[in-house]
Amino acid sequence: MSTRVRSYSKINLGLAIGPSRPDGFHGLTTFYQTLELHDLVTVEAKRASATTITLASNDERVPLDNRNTAWRMVEGALSRLEMTAAVSIHIEKLLPVQGGMGAGSANAAAALIGLERELDTSLPGADRLRLAAEVGSDVPLFLLGGSVLGLGRGEQVYPLPDMPCVFCVVSVPEVGVSTPQAFRDWDALALTQHGKSDRLRELSLAYASISAEPGTSGIIRGSNPGNQQGGSDKGQSGQVDDLAENTLLSLVRTGVENDFEQVVFPAYPSLREIKRQLMGTGSEAALYAALSGSGSALFGLYRSEADARAAQQRVQNAGVKALMTKTLPRSMYWTTMFAG
Ligand SMILES: C[C@@](CO)(OP(=O)(O)O)[C@H](O)COP(=O)(O)OP(=O)(O)OC[C@H]1O[C@@H](n2ccc(N)nc2=O)[C@H](O)[C@@H]1O
Ligand SMILES: Nc1ncnc2c1ncn2[C@@H]1O[C@H](COP(=O)(O)OP(=O)(O)O)[C@@H](O)[C@H]1O
């Protein structure tokens with residue numbers, strides 16, 4: 001028997017980078033949001049007298065040894081569980097590699113979830129988060145799913161009030177952006193900036209202020225605003241919920257942005273243009289569009305399916321791959337995680 005796990009992706013709805021820390025990492029504040037787009041991770045595991053791990057993938061860019069995040073997660077989990085097992089992992093890549101969508105990190109979380117099910121055991125919650133943080137800064141968020149606040153080096157995660165589903169277009173340019181290089185470029189840029197404000201605190205305040213506004217997913221006073229006006233058929237008509245729209249508009253009003261755009265766009269000018277296409281203009285304009293993580297994937301969030309399809313077409317007309325998806329709230333993340 002084997003266990004097939006949907007390894008969902010994430011976007012960052014804003015990301016502020018702080019100074020480099022003594023451990024070489026950067027402090028950051030970010031709002032992670034999981035998406036329906038996913039890889040498929042299949043795990044088969046049996047207890048054995050010694051641990052063996054084998055890895056396979058349909059994508060040659062995925063390392064098949066202990067550099068792989070899924071390998072490191074499984075090895076670390078078995079050691080913490082004081083167990084030995086024969087484990088085989090297959091990673092079916094549907095997401096971009098080095099795309100800023102946390103695909104490799106999500107594979108690690110999915111491998112752990114698959115392993116636990118196969119061996120009918122589980123690590124205590126705090127141990128799972130600790131192990132995830134050792135494997136990568138982006139891994140712990142995938143043990144929560146939905147809307148997640150990321151602090152520290154991104155590994156300190158806190159579930160946020162969940163935003164209902166929003167239509168999303170992800171553009172997948174051919175280039176891959178190295179995360180460590182993007183941080184180095186940021187350091188070089190930050191050195192040239194004088195009178196820097198406390199960016200991390202500013203963004204934390206911006207996120208907190210969203211929850212202080214009535215009608216957003218932070219504070220839900222009574223029913224959702226659409227329903228207060230005698231009931232709304234939004235959602236059934238291919239439009240997003242008012243609650244999601246209000247939350248996103250509040251986020252936009254705070255001026256939230258991704259700091260990586262300041263170094264990644266000058267290095268890859270075509271990405272700035274894709275953001276413009278995702279954003280669009282007029283009544284069908286995106287609620288929000290940005291680079292995800294350090295890129296190179298970009299995304300737009302839309303009021304309606306029609307607006308999202310129009311954005312997808314704009315990006316595709318420019319010769320760039322663009323995928324339609326939706327944001328994935330926490331409850332859906334967990335109830336749809338196991339693939340048949
Ligand atoms: C910055 C983000 C935003 O989501 O980028 P994306 O990978 O999604 O683009 C992530 O936190 C990345 O997380 P992850 O990809 O797990 O990074 P890690 O493996 O922990 O770190 C890779 C390298 O990136 C740099 N790094 C990473 C995170 C951080 N807060 N500061 C850093 O300086 C370090 O050089 C580190 O050696
Ligand atoms: N399971 C994995 N899937 C993809 N890449 C992996 C995996 N494990 C390690 N890697 C390495 O991590 C690098 C970043 O991968 P990825 O997670 O796709 O990027 P990002 O964090 O930008 O979304 C890749 O270039 C690859 O060498």
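In describing the surroundings of a ligand, Ala, Val, Leu, Ile, Met, Phe, Trp, Tyr, Cys and Pro are counted as nonpolar, Asp, Glu, Lys and Arg as charged, and the others, Gly among them, as polar. On this basis, the shell around ligand 1 in the predicted model comprises 5 nonpolar, 12 polar and 2 charged residues. In total, 19 residues surround ligand 1, and Gly136, Ser137, Asp138, Arg153 and Gly293 are the closest. At least two residues of this shell are supplied by each of strand 1, strand 2 and helix 4 (179–191). Helix 4 provides the largest share, 3 residues. Because both domain 1 (3–161) and domain 2 (167–219 + 237–330) give residues to the shell, ligand 1 lies between them.

The relation between the two domains was examined next. The protein is divided into domain 1, residues 3–161, and domain 2, residues 167–219 + 237–330. Their C-alpha centres are 23 Å apart, and 33 residues of domain 1 are in contact with 40 residues of domain 2. On the side of domain 1 that touches domain 2, the elements giving two or more residues are strand 1 (3–20) and strand 2 (26–47). The residues of this side divide into 17 nonpolar, 15 polar and 1 charged.

Helix 5 (residues 199–211) contains 13 residues, which should span 18 Å at 1.5 Å a residue; the end C-alpha atoms are 19 Å apart, in agreement with that expectation. The buried residues of helix 5 are Leu203, Ala206, Tyr207 and Ile210. Seen down the helix axis, these buried residues fall within an arc of 95 degrees and therefore line one face of helix 5. An α-helix has 3.6 residues a turn, so residues three or four places apart point the same way. Arg201, Leu205 and Ala208, on the other side of helix 5, are exposed. The packing partners of the buried residues of helix 5 are strand 1, strand 2, strand 5 (147–151) and helix 7 (242–253).

Helix 1 has 13 residues, and the distance from its first C-alpha to its last is 18 Å, close to the 18 Å expected at 1.5 Å a residue. Just after helix 1, Glu82 adopts a positive phi of about 55 degrees.

Tyr268 is located in the loop between helix 8 (261–267) and helix 9 (269–279). Tyr268 counts as partly exposed because 17 C-beta neighbours lie inside 10 Å. When residues up to four places away in sequence are not counted, Tyr268 touches Val175 and Ser296. Tyr268 and Arg201 are 67 residues apart along the chain, and their C-alpha atoms are separated by 29 Å.

Key
Residues numbered from 1 in each chain as written. Chains lettered and ligands numbered in written order. Predicted model: local features only at pLDDT ≥ 70, side-chain atom pairs only at ≥ 80, totals over all residues. Domains from an automatic or database assignment. Contact = placed C-beta atoms within 7 Å. Helix = DSSP H or I, 4+ residues; strand = E, 2+ residues; numbered from the N terminus. Expected span 1.5 Å × (residues − 1). Buried ≥ 20, exposed ≤ 12 C-beta atoms within 10 Å, placed from the backbone. Arc of directions from axis to C-beta. Near = placed C-beta within 6 Å.
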